[in-house]
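Please read them with the structure open.

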Amino acid sequence: MSVTTTGPVPATRDQRGEPVKKRRERGGAWLTLLAWVVGILFVLPVLWMVLTSFHSEADAATNPPSVFAPLTLEGYREFFSGGASPWPPLLNSLTASIVSTALVLVLAIPAAYALSIKPVQKWSDVLFFFLSTKMLPVVAGLLPLYLFAQNTGLLDNIWLLIVFYTSMNLPIAVWMMRSFLSEVPVEMLEAASMDGAGLIKTLRSVIAPVVTPGIAATALICFIFSWNELLFARVLTATVAETAPVFLTAFVTSQGLFLAQLCAAAFVVSLPVLVAGFAAQDKLVQGLSLGSVK
Amino acid sequence: MTSVAEKSRAGTAETPPPGVARRTSAWARRAPLMPALIFMIVVTQLPFVATLVISFMDWNAYYPDERGFAGFDNFVRVFTDVNMRDAVWTTILLTAGVVLISLILGLGIALLLDRKFRGRGAVRTMMIAPFLVVPVAAALIWKHALYNPEYGLFNGALTWVWGLFGSDNPPQPDWISNMPLWAVIFSLVWQWTPFMMLILLAGLQGRPLDVIEAARIDGANNWQIFTSMTLPHLRQYLELGALLGSIYIVQNFDAVFTITSGGLGTANLPYTIYQIFYQAHDYGRASAAAVVVVLGTIIIATFALRTVSSLFRQEAGR
């Protein structure tokens, strides 16, 4: 590119310098475009669900799809006041998820403390015991829990689900909380005990500031898993304690009729998880990998 | 599965420092752990013991008078049942298919997102969305809004594309009937690729960049850097993603239940056990099947855990 090329040296510099950089930039533009296309493809079914939920039933069921059809709240109106009300199942899901998450935190935080800050002997064995319960297929415990519920009159009782969801999320929460608690610097704990700070003061002024975001992330992930659960809710509940995912299964055999209403229902039920998930976005990996990836 | 970030601490924290009153302090240490531990043992281990007991019993809710000890009859029926054998095979195909495809896609997308570009945060957010749709809702959307042969989005898009080229005779496959297992696999791949992508992206961002820069200065090209530096570094993250993904997907019930209702050869083990229990009310056989599944899972999980932990030991010794 240089006009004053006099020998082979600047020419090679030319070849290795600018053109390579330019080629890399052009390649970079393609990769950026590819990343955008892939991202849009993955989000497309979600967007399609939201868009269809705002279409009329007639516009939702066309081929080719009518993307620019007028928007309406018909689907939502049908979902909320058309047949059986979705409010009791939504409230049941909310109760089961929030109460079980609170229980999980109450049990998991002290346990994680005893596995990281003041570790018991063989703490890693205990940790792996918690993990191993997660590998036990849930169907293995389904029948005894059902029979137990049947004999104690707890069938169709939201408290049974709460206890089960607590046990389902406790191992995850213990692993997560342990990984967050071990981020508390040892020097700070030592300094606190040198200054004669008691347990409460250490917890409040040294540990809490470090782990509060971790507790929030743990809570959000436990909430998501409880909210999503279907198998146990379907077997252990009926009309009274039915949860939102069980309510959705009414659409399984709909043969694609009432598509707008179905999309509205799917979107409404997914909304709390979408909100919780995006709020916990940064800690999502750490949570899902049980604290082993940061 | 010692955590990736924790392995340096693991050796040092194992023994508590010698205290003055060791016994009382040991109990003071254990106290906060006890509620969680006892809760877990009662809620997860006792039911399994009950399952084990019932698996040796003749117990069908439709014939309550015939309840009694059955020996290994239920297990014989489980192992000789064609449906069970199909379910095992389906579970393996489903799990392996979803884990492998979503790992490979997740790796590709993680590599794409590991560069700085305009809108990287937006693309990452879009990628996470599928994972945050309630599984039943996602399965319903795939079944009715995407796969539906008459007005699903897939066939709608085919009509539209064919229409662009002036053809009014587009292919309109009935996706779920033509390829039921793949229909389930694709919907799960869509939901699980973000999970794999997030783990692998975290792995990529933990790469030592100075070493890569040094290799590049020494004349290594992108492909060489990828195969000899990035992949070995990612290996433990790939294994972690595969292990966690398998644990979750082996247990999948929602997608099978919703998309095909276990029909057309897509009934996996959780769905089959659910059916034996919920529809046939054969408690003895359902329990025996559950015990077999647990034993299978233990074998796979031990094997997987051993692979991962040996990998860590090997890395630590290097």
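1. Start with the annotation on chain A. The unreviewed UniProt entry marks "transmembrane region" at residues 29-51, 94-115, 127-146, 158-181, 202-226 and 259-280 of chain A. The coordinates discussed here are a predicted model.

2. Two of these spans can be checked against the model. Residues 94-115 of chain A are 100% helix and 0% strand, with end C-alpha atoms 30 Å apart. Residues 202-226 of chain A are also 100% helix and 0% strand. Their end C-alpha atoms lie 32 Å apart.

3. Next, the core. The largest nonpolar core has 171 residues. A:Ala108, A:Leu161 and A:Ala266 touch the most other members. Helix 8 of chain A (residues 158-181) gives the most to this core, 16 residues. Beyond its neighbours within four places in sequence, A:Leu161 contacts A:Ala96, A:Phe232, A:Ala233, A:Leu236, A:Thr237 and A:Ala241.

4. Now the interface. In chain B, 87 residues are in contact with 84 residues of chain A. Helix 3 of chain B (residues 34-55) supplies the largest share of the chain B side, 12 residues. By class, that side has 63 nonpolar, 15 polar and nine charged residues.

5. Look closely at helix 12 of chain B (residues 222-250). A straight helix of its 29 residues would reach 42 Å at 1.5 Å a residue, but the end C-alpha atoms are only 36 Å apart. Where is the kink in helix 12 of chain B centred? On B:Arg235, with a bend of about 45°. Buried residues of this helix include B:Leu234 and B:Tyr237, as well as B:Leu243, B:Leu244 and B:Gly245.

Methods:
Residues are numbered from 1 along each chain as its sequence is written. Chains are lettered from A and ligands numbered from 1 in the order in which they are written. This is a predicted model: local features need pLDDT of at least 70, side-chain atom pairs count only at pLDDT 80 or more; totals for chains, interfaces and linings use all residues. Two residues are in contact if their C-beta atoms, placed from the backbone, lie within 7 Å. Helices (H or I, at least four residues) and strands (E, at least two) are DSSP runs, numbered from the N terminus. Ala, Val, Leu, Ile, Met, Phe, Trp, Tyr, Cys and Pro count as nonpolar, Asp, Glu, Lys and Arg as charged, and the others, Gly among them, as polar. The expected span of a helix is 1.5 Å times one less than its number of residues. The bend at a residue is the angle between axes fitted to the seven residues ending there and the seven starting there. A residue is buried if 20 or more other C-beta atoms lie within 10 Å of its own, exposed if 12 or fewer, and partly exposed in between; C-beta atoms are placed from the backbone. A nonpolar core is a set of buried Ala, Val, Leu, Ile, Met, Phe, Trp, Tyr and Cys residues joined through C-beta atoms within 7 Å. UniProt positions are given in the numbering used here, feature names are shortened, and annotations may be inferred rather than shown by experiment.
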